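Here is a short briefing on one protein model. Please keep the structure open while reading.

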Amino acid sequence: MLQYVVDAFTDRIFGGNPAAVCVMDQWLPDELMMSITIENNLSETAFTIKEKDGYRLRWFTPGGEIDLCGHATLGTAFVIMNYLENDVNSVTFNTMSGPITVVRNGDLYEMDFPAYELQPVEVTDQMAEAIGVRPLAAYIGRDLLCILDSEEAVRNNTPDMEKVKALDGLLLHTTAEGSKYSCVSRSFAPKLKVPEDPVCGSGHCHIAPYWLDKLGVDSIVAYQASRRGGVLYCRMEQGRVRMSGKAALYSKAELFI
């Protein structure tokens, strides 16, 4: 079985967020897919199979299967359009979160994602202790989104991972308005055995709607301020997040399983 590793939301290897992409002829047992994911030790491994109406796509973290993943979707679309079917400029994935279409536009790959509905929640001492600084505001969707008072606070953020596990939400995202970019953010997923997700696409299904509304703009350029860093181009259309990014192939390998 072929496996590609793609660095997503970047135009260079060793940047962005690496995702493994396994292209299969038939589904493997879930236990084996989990073993492959744990062996890869990346934040996400994607498994895909071609079907009559597109591709079926599933995402696994070292902590289990997840309902939505941006960077591994981008990575899978990049592999299909450049190495499997390089005469196509769009691909539709059937996923746990419904159909997701990815369209190539030059060196950008635009993904059509559902937006999470954000509900404001009270900022608590528990949040402040877990994050290390007290948020200005907090919102819950699938994940917990915490607004910090400065870009520097986001970049220098060192959360207590054990305390983050006790917070509501699957992941924790910290964000603030940016100087060079519309916003900066960090994403932490200790519940999924991923201390920090280098560039989180599904996280921006929380982050992008917040900043698009807050800034009163039609589109934003978001920066994920992890050690690897990554850039996401986001806008809303008919209640969904249109998220674009670049990608770079790091490796292609054969798995002996």
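The side chains of D7 and R228 are joined by a polar contact of 3.3 Å. The model is predicted, and every value below is computed from it.

- D7 sits in strand β1.
- D7 counts as buried because its relative accessibility is 2%, and the cut-off for buried is under 20%.
- Beyond its sequence neighbours within four places, D7 is in contact with R12, I13, F14, G15, N17, P18, R228, K246, A247, A248 and Y250.
- R228 belongs to the loop between β15 (219–224) and β16 (230–237).
- With neighbours within four places in sequence set aside, the contacts of R228 are D7, R12, F14, G15, G16, N17, P18 and P198.
- P198 is 30 residues from R228 along the chain, yet their C-alpha atoms are separated by 6.2 Å.

**A nonpolar surface patch**

- Among the contacts of D7 are I13, F14 and Y250.
- I13, F14 and Y250 form a nonpolar patch on the surface. Together they have about 310 Å² of accessible area.
- I13 is placed in the loop between β1 (2–8) and β2 (17–23).

**Nonpolar cores**

- In soluble globular proteins, nonpolar side chains tend to be buried together.
- The largest nonpolar core here has 51 residues. Which of its residues touch the most other members? They are W59 and M243.
- Helix α2 (residues 70–84) gives the most to this core, contributing seven residues.
- Not counting residues up to four places away in sequence, M243 touches F9, Y109, E110, M111, F113, G201, H204, C205, L232, Y233 and C234.

**Salt bridges**

- Side chains of opposite charge can pair when their charged atoms come close.
- How many salt bridges does the structure hold? There are 17.
- D67 and R142 form one, with the closest N and O atoms 2.9 Å apart.
- D67 is in the loop between β5 (64–66) and α2, and R142 is in the loop between β10 and β11, so this pair ties together parts that are 75 residues apart in sequence.
- D67 counts as partly exposed, at 23% relative accessibility. R142 counts as buried, at 14%.
- E51 forms a salt bridge with R56, and their closest N and O atoms are 3.4 Å apart.
- E51 is partly exposed, with 26% relative accessible area. R56 is also partly exposed, at 31%.
- R235 and E237 meet through their side chains in a salt bridge of 2.8 Å, N to O.
- Salt bridges that share partners join E110, R235, E237 and R242 into one network.
- R235 counts as partly exposed at 27% relative accessibility, and E237 counts as partly exposed at 31%.
- E110, a member of that network, is also one of the residues touched by M243.

- D143 is in the loop between β10 (137–140) and β11 (144–147).
- Is D143 buried or exposed? D143 is buried, because its relative accessible area is 0%.
- The side chains of D143 and R142 are joined by a polar contact of 2.8 Å. R142 is also the salt-bridge partner of D67.
- Residues up to four places away in sequence aside, D143 touches G169, L170, L171, H173, G203 and H206.

**K165 in helix α5**

- K165 lies in helix α5, which spans residues 161–165.
- K165 is partly exposed, with a relative accessible area of 38%.
- The side chains of K165 and E162 make a polar contact of 3.1 Å.
- Which residues does K165 contact, leaving aside its neighbours within four places in sequence? The contacts are P190 and K191.
- K165 and P190 are 25 residues apart in sequence, and 6.2 Å apart in space from C-alpha to C-alpha.

Terms used
Residues are numbered from 1 along each chain as its sequence is written. This is a predicted model: local features need pLDDT of at least 70, side-chain atom pairs count only at pLDDT 80 or more; totals for chains, interfaces and linings use all residues. Side-chain values use heavy atoms; hydrogens and water are left out. Helices (H or I, at least four residues) and strands (E, at least two) are DSSP runs, numbered from the N terminus. Contact means heavy atoms within 4.5 Å. A nonpolar core is a set of buried Ala, Val, Leu, Ile, Met, Phe, Trp, Tyr and Cys residues joined through side-chain atoms within 4.5 Å. Buried means under 20% relative accessible area, exposed over 50%, partly exposed in between (1.4 Å probe, protein chains only). Patches are made of residues with over 30% relative accessible area and no salt bridge: like charges are joined within 9 Å, nonpolar side chains (Val, Leu, Ile, Met, Phe, Trp, Tyr) within 5 Å. Accessible areas come from the Shrake-Rupley method with a 1.4 Å probe; for residues, only the protein chains shown count as cover. A salt bridge is a side-chain nitrogen of Lys or Arg within 4 Å of a carboxyl oxygen of Asp or Glu. A polar contact is a pair of N or O atoms within 3.5 Å; within protein, one must be able to donate a hydrogen and the other to accept it, and residues adjacent in sequence count only if both atoms are side-chain atoms.
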